[in-house]
Amino acid sequence: MTEKPKRNKSSIQRRLIPSYVFLIIWSFFSVFPLYWMITAATNTTVEVARGKIWFGTAAVENFRNLLAAQPLWKSMGNSFLYAIAQTLLCLFICSLAGFGFELYADKAKDRLFAFLLLAMMIPGVATMIPLFVLISRMGLLNSVWGFILPQVSTPFMIMMFRNNSRNFPPAIMEAARIDGQTEVGIFFKQYMPIMRSTYAAAAVITFMNAWNAYLWPKVVMTDNRAQTMPMLIANLASGYTIDYGMLMMGVLFCSVPTMVVFFVLQKQFAEGITGSVK
Amino acid sequence: MSYPRCMSFGGRESVKTSRNSVKAKQRRWGWAFLIPATVMIIVMSFYPMVQALITSFKKGPILNMQMADPWYNNYTRILQDKIFITAMKNTFLYLIIQVPIMLILAMLLAQILNNKDLKFKGIFRTMVFLPCATSLVSYALIFKSLFATQGLINSVLRSLHIISENINWLGTAGTAKFVIIFALIWRWTGYNMVFYLAGLQNIDYQVYEAAKIDGASAWKTFWRITVPLLKPVIVMTFIMSINGTLQLFDESVNLTNGGPANATITMSHYIYNMSFGQGVGKFGYASAMSFVVFIMVGVLAAINMKVGDTRD
């Protein structure tokens, strides 16, 4: 009996060999395109076409070509501005709603909640044309407001905050009220600090979505100077001849912010994706 | 001894009313917190949806639209539009082939990663999850470059002597569809895996131990224990995947540009081209098509929820 667990351990690992093999193959499959993107950004288009998969010396040249071809810094700035503005406003509006729906719950509010969730079924492509008309009538084409307004209140985020608000102890509400705090004060001074992990997960997911958005910016950003990074790299690839080294340098710039967020806040990212299922 | 004043009948009543007014005030604040989110969803989702329906019965330039004649003309046009029918077929091809393969692989990966004896779990999980960090346009362009005629895939296949001449992957309808499916699997498998893994981690390990003691095979355990317990999550991933597939846009635009000759175009891409594509501006017709997509999303989600209903 005492011998058995030890032997079991190595035999368990032996039985896991197919799992390891599968995971290694899949990991290679997952990582390789991104690795290749980074190496290609350092090679000339001829080297890329020749099938080189190691780092080269053309990074500076690709970078210069990229700067000459597209307003890189302007687009990076736009993308950061839109994504951060959307994240801040979306988190505020949706957490306020999640707070209201869960901690002041009654039948009427639940009905409103179910009604708002119906918006999940609406495809972006269906509202694109009327939204374009609406935003252009408001004079918000090519502006940060034009980018963010359709996305500042989403059923997904409201649901995420509502579901996570179940962990917020109602006793804190009562205690704060006895202390004479207002309802608004409770939201800012009690709810926000206690729910910070939910805010972090929601921030990561909103930032990623805003940074990666493509269809709506393509509709609403008619001016080249207002374009986002995904639009910029799509432009790089739309010509007849493509400079692959320069293109991958652009893709790299578009990917770095989301990659950094991913590696630093991976846990929050996973929580954000699965956030509304609880 | 007399009772303190507040304990008297009148006093108690006034405490009650003041408490009631406090309650009423709290209720009012409860509603006030919902106003911004509700207003924004109504203005930015429901109102445009109604507008899209109205627009779908109209024709003419965006700022001066008139009723179509007959009013359902845009809808009858859809039935004769070969490109839209191709786009619909493409979408269903992706639904039938790509979605099941991706979800099965995601489940398999989640199962493997949930094994408590597995080593290097964190590293493997990160690598499987990594493609989710790339934007849709980025990965579409990466795959476009990898599968270019002069691209890496062809040179590897040539040096392995699997092919003698470069394949024009994106220039042929069949292979272009294959590349899109391949790229979609790359991008989304890890994403769905995260849902399954989160679901699996909620299942008590003792349930599996008990099944093992009862002599249940791994296959049986999976179908009898894991799948029923994960049913809500599985239904959700199906709904999300169907929703995403029906709305495919970035990949179609950037990977193949709908080509060759609209063979790989998706519904969203075609609707975009019809409305915002250069010199087209058929907003009425595009709205009618977008409403068809909306109905498809709704019907498929409803079917899915019916199938996945856990109540017997």
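Here is a short tour of this two-chain model, one selection at a time.

The model is predicted, so local features need pLDDT of at least 70 and side-chain atom pairs count only at pLDDT 80 or more, while totals for chains, interfaces and linings use all residues. Residues are numbered from 1 along each chain as its sequence is written, and chains are lettered from A in the order in which they are written.

Start by selecting chain A. You will find 16 helices and 0 strands (DSSP runs, H or I of at least four residues for helices and E of at least two for strands). With a radius of gyration of 24 Å, well over the 19 Å that the globule rule gives for 278 residues, chain A is more spread out than a compact globule (the radius is taken over C-alpha atoms, and the rule is 2.2 Å times the number of residues to the power 0.38).

Next, show both chains. Their contact takes 71 residues from chain A and 75 from chain B (residues are in contact if their C-beta atoms, placed from the backbone, lie within 7 Å). Now highlight helix α1 of chain B, residues 9–55: with 19 residues, this helix gives the most to chain B's side of the contact.

Finally, center on Ile233(A). Which residues does Ile233(A) touch, not counting those up to four places away in sequence? In chain A they are Leu247(A), Gly250(A), Val251(A) and Cys254(A); from chain B come Val137(B), Ser138(B) and Leu141(B).

Definitions and conventions: Contact = placed C-beta atoms within 7 Å.
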